[in-house]
Every structure is written in C-alpha cells, then in structure tokens.
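This report goes through one protein structure a part at a time. Please look at the sequence and the structure before reading on.

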Amino acid sequence: MPVTDPTATGTTWSVRDGLATFDEPAVLLRNALDTVFTRWATEAGARQQSYPPLLRTEDLRSLDYFRNFPHLGSPVTRIRPDRLAGLAAAPPGAGALPAAELADATHMLPSAACYGCFLHLTGTSTDTPVLITTVAQCFRNEDHHDGLRRLWGFTMREIVCVGSAEAVRTHLDRHRERILAFGAALGLTLDRQPATDPFFEKDGTRSVMQLLAPVKEEYLHTDGTAVASTNNHRNFFGERRAIGHTGRPAFTGCVAFGLERWVHVLGDLFEGDLAAAHRAVLQAGERP
C-alpha cells in the first residue's frame, strides 16, 4: 500500500472513507490505461459518448435495480427548504445531515457506466450493431472499503455492444482475448472467473440460464482484485427499455474496466514504481 501522507516523497495515492486522492504518477497511469481501453473501443468501431452524472430512480426501477442491487445504491437528494435556516444555525462539527432534513431522493449516483447508455437508447431501433464507449465516476455503497480494491467512488470505462446475440458474443470474445493478452504483456497473471452478481431475478428464467452460461466473467489479479469484466445481458435491456434490433428486442453486452483497480494491481506488480508501470502500459498498449 503506498504511503498516505500527501507531503511525503513518492506518494502516489491515499484513500479515506472509500474515496481516493491521486497524485500525478497515479493520475498519469490511470489516464494511460484509459487511453488504451478507449483505443480498443475505437478500433472496434465504437463511438464515444458521455451521459448525465445522475440517474432517475423511476428509470432504475424499470431495470429491477432495487430488487437486485439495493445495497449498492447512493441516493442523491436536496435539503428541505423548511430546514435550511436550522442547518445554518447548527454549530460547526455537527456531523451528518439527519434524514429528516432531506427531501425524497429522485435520483441516484450510477453504480455502473452502462446504465446511462441504455437509458439514453430507450425507444430506439437499429438494423446494424451499435458500439459505444463511455467513462463515468461510479459509486457503490459497499459494506467495507479496501484501498483501491474496493472503493465507494471509482472510475469505470465501458465498451457497449447493442445488436444481435451473435454480435454481442463476438464483441465479448474479442475483448476477452485482448484483456488477457494485455495483462500478459504487462506481466500480470489474470484469472478469468464467473462472477456471482445477482443481475437477474433469482426466481426468473434468466437466473436459471445464468447458472448454465454466466452472464458476467471477471478478470482477477493474484490478490483477488477484479480489474475487468465481460457482461452479457442477453435481451434484458432491449425488453425493459424498448431498444430494438431488426424488429426484436436487442441483445446487449459490455466490457468494463475499473481504472483504480488497475492502478492498484500495477502498483503491486511494480512495487510502487508507477512511472515504470506507466512506461509498461504505454509499451503494451501499442501492441495490436
């Protein structure tokens, strides 16, 4: 773990309450990693998009978010107008804002970058596969924090494919190979493992299908850190958000990269020398 004193020589990052602060070497390494993954997306034919930093709770309800991921949610709200004067009069160091002071939450911070993409595509249709890449600050209300391995707020780059089942499989297969090859070029040993995220209703037919063919696979460093994942949503988002492909609900899939987790594993591999890790990423990222 890098030193956490921000004035110390060689500082790279510090973490408090699941929130990370990066000094320049870590910033440069994270940016270099994102450049590599964005180039993969561009080479695959993806266009770059960005989405609002907040998601409406009513939209998330349509995706079973509060059935599957209620523990991860980070609601966003406002201070009630009738409570403003009382808060202004509170003494310094009063601590957290009581729930009674807050209005009902109508929006959430995203826990994955792709939600904004699928909400944006609602009601659209295409006859050819659509590829999109986006990056977002994401937030997951984890039950504990662990350095850069498990953060409350983190950066996620995703490459999304919308189209036929075959197009999605091809998309995911291509990037499975690239993730493993990139890791090997850096000297990382990544283990591909099925993930256990409860994406679909536990009693639904898709849940049964997930047991036969996992919808999510993670790429794990030797210390168990998942630095990337490939996700096959089948036609879930196509059905729920009326996203069409050739007259039927579209299939979707995405490849996701947790950028801070990559910084963690490379910091581990290069024993804290993030300048050397940066050079390695630049060199490995140039390979096809």
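Where does Glu271 lie? Glu271 is in the loop between α9 (259–269) and α10 (274–285); here helices (H or I, at least four residues) and strands (E, at least two) are DSSP runs, numbered from the N terminus.

## Basis of the model

This is a predicted model, in which local features need pLDDT of at least 70 and side-chain atom pairs count only at pLDDT 80 or more, while totals for chains, interfaces and linings use all residues. Residues are numbered from 1 along each chain as its sequence is written, and side-chain values use heavy atoms, with hydrogens and water left out.

## Positive phi angles

Most residues other than glycine have a negative phi. Glu271 is not a glycine, yet its phi is positive, about 55°. Glu271 counts as exposed because its relative accessibility is 75%; the classes are buried under 20% relative accessible area, exposed over 50%, and partly exposed in between (1.4 Å probe, protein chains only).

Ala242 also has a positive phi, near 50°. Ala242 sits in the loop between α8 (236–240) and β13 (244–245). With 49% relative accessibility, Ala242 therefore counts as partly exposed.

## Helix α6

Helix α6 covers residues 165–186, which is 22 residues. The expected span is 1.5 Å times one less than the number of residues. That gives 32 Å, and the end C-alpha atoms of α6 are 32 Å apart, so the two values agree.

The buried residues of α6 include His171, His175, Arg176, Arg178, Phe182 and Leu186. After α6 comes Gly187, with a positive phi near 95°.

## The nonpolar core

A nonpolar core is a set of buried Ala, Val, Leu, Ile, Met, Phe, Trp, Tyr and Cys residues joined through side-chain atoms within 4.5 Å. The largest one here has 69 residues, and Leu33, Phe182, Phe257 and Trp262 have the most contacts inside it. Helix α1 (residues 24–44) gives the most to this core, with 8 residues.

Contact means heavy atoms within 4.5 Å. Leaving aside neighbours within four places in sequence, Trp262 is in contact with residues including Leu33, Phe37, Phe182, Leu186 and Phe257.

An open sheet is formed by 3 strands in the order β7-β13-β14, with mixed pairing. Two strands pair if DSSP finds at least two bridges between them. The edge strands, β7 (125–126) and β14 (248–249), each pair on one side only.

Strands β7 and β13 run parallel and are joined by 2 bridges. Thr126 has His245 in β13 as its bridge partner.
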